[in-house]
Amino acid sequence: MSDGISVDAEDVVGVLTERIEARFDMDLEHLQAAVAAAPTANPDATDIVKWHGHLVAAQAALNRAEDDLLTALETQPSEVDDPTMGLAHHVNAAVATRDGRATVVRWLLDPDALGKKDLAAERLTRLRPRTGPAVQTSAPQRPPGTPAPASASRTGAAVR
């Protein structure tokens, strides 16, 4: 990986965690608690905490996959069988997942990253989830005894 992040798997999570803590000037546990308490207060922090969680989960899955592969390789004769080769492919997929999530975290941490200051970024900002519905989502309440509109009684009729 680039950006001064070592190829060593444990360093990826550690380095990015340090960068997150430096960016928000607090340790990750406090940042996670702050995001949990007020998830809409700082959308950048919420996104970074979410993706850091995905990164940690991907690293844990990679560690398990590597352990499974090493266990299988210790019992193998000179040639690797198909199930063990499948474990090797699983490790490769886990590395790709972890690296992809690390890339997202790095992108979120970089305020000058490509795509954050252009027209597409402005559109994405407008598409962020709202705190409530933009329009009324249910039918208005009618007073008791008021008949339904005529169009509602013809719901099964064909339109011409």
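I take a helix here as a DSSP run of H or I with at least four residues, numbered from the N terminus. By that count, Val 35 sits in helix H2. The model I am reading is predicted.

**Entry 1: overall make-up**

I looked up the secondary structure first. The chain has 6 helices and 0 strands. Read from the N terminus, the order is α-α-α-α-α-α. I then checked burial. Of the 160 residues, 21% count as buried. The accessible surface comes to about 11400 Å². Carbon and sulfur atoms own 57% of that surface.

**Entry 2: helix H2**

Which residues of H2 are buried? I found Leu 28, Leu 31 and Val 35, in a helix that spans residues 28-37. I looked down the axis of H2. The buried residues fall within an arc of 60 degrees, so they line one face of the helix.

Next I turned to the face pointing away from the buried side. I noted the exposed residues Glu 29, His 30, Ala 36 and Ala 37 there.

I went back to Val 35. Its relative accessible area is 11%. The cut-off for buried is under 20%, so Val 35 counts as buried. What does Val 35 touch, leaving aside neighbours within four places in sequence? I listed Ala 45, Thr 46 and Val 49. I also took a C-alpha to C-alpha distance for one of these pairs. Val 35 and Thr 46 are 5.7 Å apart in space and 11 residues apart in sequence.

**Entry 3: nonpolar cores**

I searched for nonpolar cores. The largest has 16 residues. Leu 16, Ile 20 and Leu 31 have the most contacts inside it. Which helices supply at least two residues each to this core? They are H1 (9-24), H2, H3 (43-74) and H4 (82-109). H1 gives the most, with 5 residues. As general background, nonpolar side chains tend to be buried together in soluble globular proteins.

I opened Ile 20 for a closer look. I did not count residues up to four places away in sequence. Ile 20 touches Leu 28, Leu 31, Ile 48, His 52, Val 105 and Leu 109.

Another core, of 5 residues, lies apart from the largest one. Its members include Ala 65, Leu 69, Val 91 and Ala 94.

**Entry 4: salt bridges**

How many salt bridges does the structure hold? I count 2.

One joins the side chains of Arg 23 and Asp 44, at 3.9 Å from N to O. Arg 23 lies in H1 and Asp 44 in H3, so the pair ties together parts that are 21 residues apart in sequence. I checked the exposure of both partners. Arg 23 is partly exposed, at 36% relative accessible area. Asp 44 is also partly exposed, at 39%.

Arg 98 and Asp 99 form a salt bridge too, with the closest N and O atoms 2.7 Å apart. Is Arg 98 buried or exposed? Its relative accessibility is 5%, so Arg 98 counts as buried. Asp 99 is partly exposed, at 23%.

Phi of Asp 25 is near 55 degrees. That is a positive value in a residue other than glycine. Asp 25 is exposed, with a relative accessible area of 72%.

**Entry 5: a glycine in H4**

I placed Gly 100 in helix H4. Gly 100 is partly exposed, with a relative accessible area of 34%. How far is Gly 100 from Leu 55, C-alpha to C-alpha? I get 8.6 Å in space, against 45 residues in sequence.

**Entry 6: surface patch**

Leu 70, Leu 73, Val 80 and Met 85 make a nonpolar patch of about 330 Å². Of these, I traced Leu 70 to helix H3.

Key. Residues are numbered from 1 along each chain as its sequence is written. This is a predicted model: local features need pLDDT of at least 70, side-chain atom pairs count only at pLDDT 80 or more; totals for chains, interfaces and linings use all residues. Side-chain values use heavy atoms; hydrogens and water are left out. Buried means under 20% relative accessible area, exposed over 50%, partly exposed in between (1.4 Å probe, protein chains only). The arc is that of the directions from the helix axis to the C-beta atoms. A nonpolar core is a set of buried Ala, Val, Leu, Ile, Met, Phe, Trp, Tyr and Cys residues joined through side-chain atoms within 4.5 Å. Contact means heavy atoms within 4.5 Å. Accessible areas come from the Shrake-Rupley method with a 1.4 Å probe; for residues, only the protein chains shown count as cover. A salt bridge is a side-chain nitrogen of Lys or Arg within 4 Å of a carboxyl oxygen of Asp or Glu. Patches are made of residues with over 30% relative accessible area and no salt bridge: like charges are joined within 9 Å, nonpolar side chains (Val, Leu, Ile, Met, Phe, Trp, Tyr) within 5 Å.
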